[in-house]
Amino acid sequence: MSSVNPLQHEAGRGLDIQAIRRQFPVLAQTVNGNPLVYLDNGASAQKPEAVIDAELRCYREYYANIHRGVHSLSQRATTEFEAVRGKVRTLLNAPSEKEIVFTRGTTESINLVAYSFVEPRLQAGDEILITAMEHHSNIVPWQILCERTGAKLVVVPISDAGEFSLDDVESRLTPRTRIVSLLQVSNALGTVNPVREVARLAHARDIPVLVDGAQSAPHMPVDVQELDCDFFAFSAHKLYGPSGVGVLWGRQELLQAMPPWQGGGDMIRTVSFEKTEFAEPPARFEAGTPNIAGVIGLGAAVDWFLALDPAAVAAHEADLLAYASEQVGGIPGVQLIGNAEKRAGALSFIMTDAHPHDIGTILDGYGVAVRAGHHCAEPVMRRYGIPATARASFAVYNTRQEVDRLVAAIHKVRELFGG
Ligand code: 7TS
């Protein structure tokens with residue numbers, strides 16, 4: 001982290017949000033005649049110049065395939081690509097960069113753990129523990145495994161506020177539990193979960209823990225050693241980086257004991273028709289040519305994010321979320337969904353007379369981009385007996401003025417629907 005950062009005001013005065021905004025070309029546009037208010041960051045965040053430039057530079061100056069060329073371009077591309085592991089190691093405070101596996105995103109990272117770590121250990125009657133607020137990517141891979149092996153998916157329930165209790169976790173940990181897999185921050189409710197405490201309960205029974213960090217890594221400092229989890233997954237595109245790239249961090253001794261899950265080039269030591277020897281992690285899990293420029297873009301995103309200071313980002317977004325909860329929650333006919341004591345990132349709401357899709361469409365008419373739907377968390381919607389919500393989700397470049405624009409646009413929805 002640089003000690004002098006032009007994007008930060010004097011120490012203690014927070015971030016210079018206007019300076020940050022100027023780094024995002026996409027934000028400086030009008031949508032339907034209004035300045036864009038981008039509040040769909042939970043789905044994907046916009047990209048700063050630093051990330052766009054890093055990808056462009058790769059293609060313009062030194063692009064080549066990695067790990068296999070003796071020529072200079074390939075060596076440069078390999079060096080730049082491999083340097084990203086160190087940056088991600090710093091982001092997560094992981095013990096070693098050998099524990100950083102590049103994937104296509106959170107979804108692929110979870111599938112990798114499911115097929116390479118859990119499935120070989122899974123027998124009929126074994127259990128996989130998740131929570132009732134998971135994204136589909138932390139439900140469906142486990143269901144497929146259960147279908148194949150006769151194992152059982154066990155779900156920790158959530159309260160009306162959108163929280164689970166540690167007692168409910170503990171009472172569902174059994175001698176048959178093979179993994180606990182949970183998100184750190186809910187994309188649908190914004191709930192911040194006590195993953196460290198869950199890990200403590202699980203580890204007391206020698207049960208490994210996977211943390212879905214898709215919505216935590218972009219919004220708060222993450223320290224996998226402090227969380228004491230065994231695997232941590234996140235996506236670059238939600239952290240101001242490119243889409244199609246993500247990370248699985250895993251404890252070295254676990255990765256080392258895991259078989260490959262895909263075979264191909266780059267993940268082997270030697271190949272003959274009689275026998276193939278696999279490479280050590282992380283290469284063992286990175287078969288084929290990866291998204292080279294994308295990983296390099298992730299590296300630029302991590303550098304950019306760390307230079308802001310994740311704690312400062314968290315503080316700014318906490319202010320926005322508190323302000324938005326108060327302002328949006330105060331509009332007659334609006335009901336907030338999810339009221340956990342600790343929340344980050346997202347504000348879900350419904351309105352008495354307007355369907356979330358209508359809300360989303362009308363807000364777009366005023367240049368305000370929110371997500372409407374089940375947010376790939378259908379069981380969460382079912383828990384509240386609703387088909388969908390409208391969701392405003394925040395990034396470091398959002399402002400209170402943009403929240404005011406959101407609120408004004410919601411009032412227009414009320415007028416139209418006679419609320
Ligand atoms: N886990 C959580 C908690 C998420 O929010 C998402 C994406 C994923 C996993 C999957 O990430 P991917 O990069 O592999 O697709 N969430 C959302 C969302 O809330 N709206 O669009 C995507």
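Residues are numbered from 1 along each chain as its sequence is written. In this predicted model, local features need pLDDT of at least 70 and side-chain atom pairs count only at pLDDT 80 or more, while totals for chains, interfaces and linings use all residues; side-chain values use heavy atoms, with hydrogens and water left out.

The chain is divided into domain 1 (17-47 + 308-416) and domain 2 (52-307), with bounds that come from an automatic or database domain assignment. Taken over C-alpha atoms, the centres of domain 1 and domain 2 are separated by 27 Å. Across the boundary, 43 residues of domain 1 are in contact with 33 residues of domain 2, where contact means heavy atoms within 4.5 Å.

On a 1 Å grid over the protein atoms alone, a cavity is a set of points where a 1.4 Å probe fits but cannot get out, whereas a pocket is an open set with protein on both sides within 12 Å along at least five of seven lines; lining residues have an atom within 4 Å of a point. Grid points are joined across faces, edges and corners, and a volume is the space filled by probe spheres set on the points.

The largest pocket has a volume of about 460 Å³. It is lined by 20 residues, of which V192, N193, P194, V195 and K342 are the closest to its centre. Domain 1 and domain 2 each provide at least three residues of this lining. Helices α7 (195-203) and α8 (224-227) each supply at least two, and the largest share, three residues, comes from α7. Helices (H or I, at least four residues) and strands (E, at least two) are DSSP runs, numbered from the N terminus.

Attention now turns to strand β9 (residues 231-235). Five of its five residues are buried, so β9 is largely enclosed by the rest of the structure. Buried means under 20% relative accessible area, exposed over 50%, and partly exposed in between (1.4 Å probe, protein chains only). F231, A233 and S235 point one way from β9, and F232 and F234 point the other way. Two strands pair if DSSP finds at least two bridges between them. Strand β8 (residues 209-212) runs parallel to β9 and is joined to it by three bridges; here L210 stands opposite F231. Strand β10 (residues 246-250) pairs with β9 in the antiparallel sense over five bridges, and L248 of β10 is the bridge partner of A233.

Burial is also marked in two helices. Helix α4 (residues 106-118) is mostly covered, with 11 of its 13 residues buried; among them are I110, L112, V113 and F117. In helix α14 (residues 400-417) lies V413, which is buried with a relative accessible area of 0%. Not counting residues up to four places away in sequence, V413 touches M351, A354, I359, I362 and L363. The C-alpha atom of V413 is 9.7 Å from that of T361, although the two residues are 52 residues apart along the chain.

P281 and P282 are joined by a cis peptide bond, with omega about 5°, and P282 lies in the loop between β12 (276-278) and α10 (292-308). D266, in the loop between α9 (252-257) and β11 (268-271), has a phi near 80°, a positive value in a residue other than glycine. D309 likewise has a positive phi, near 90°. D309 lies in the loop between α10 and α11 (310-329) and is partly exposed, with a relative accessible area of 27%.
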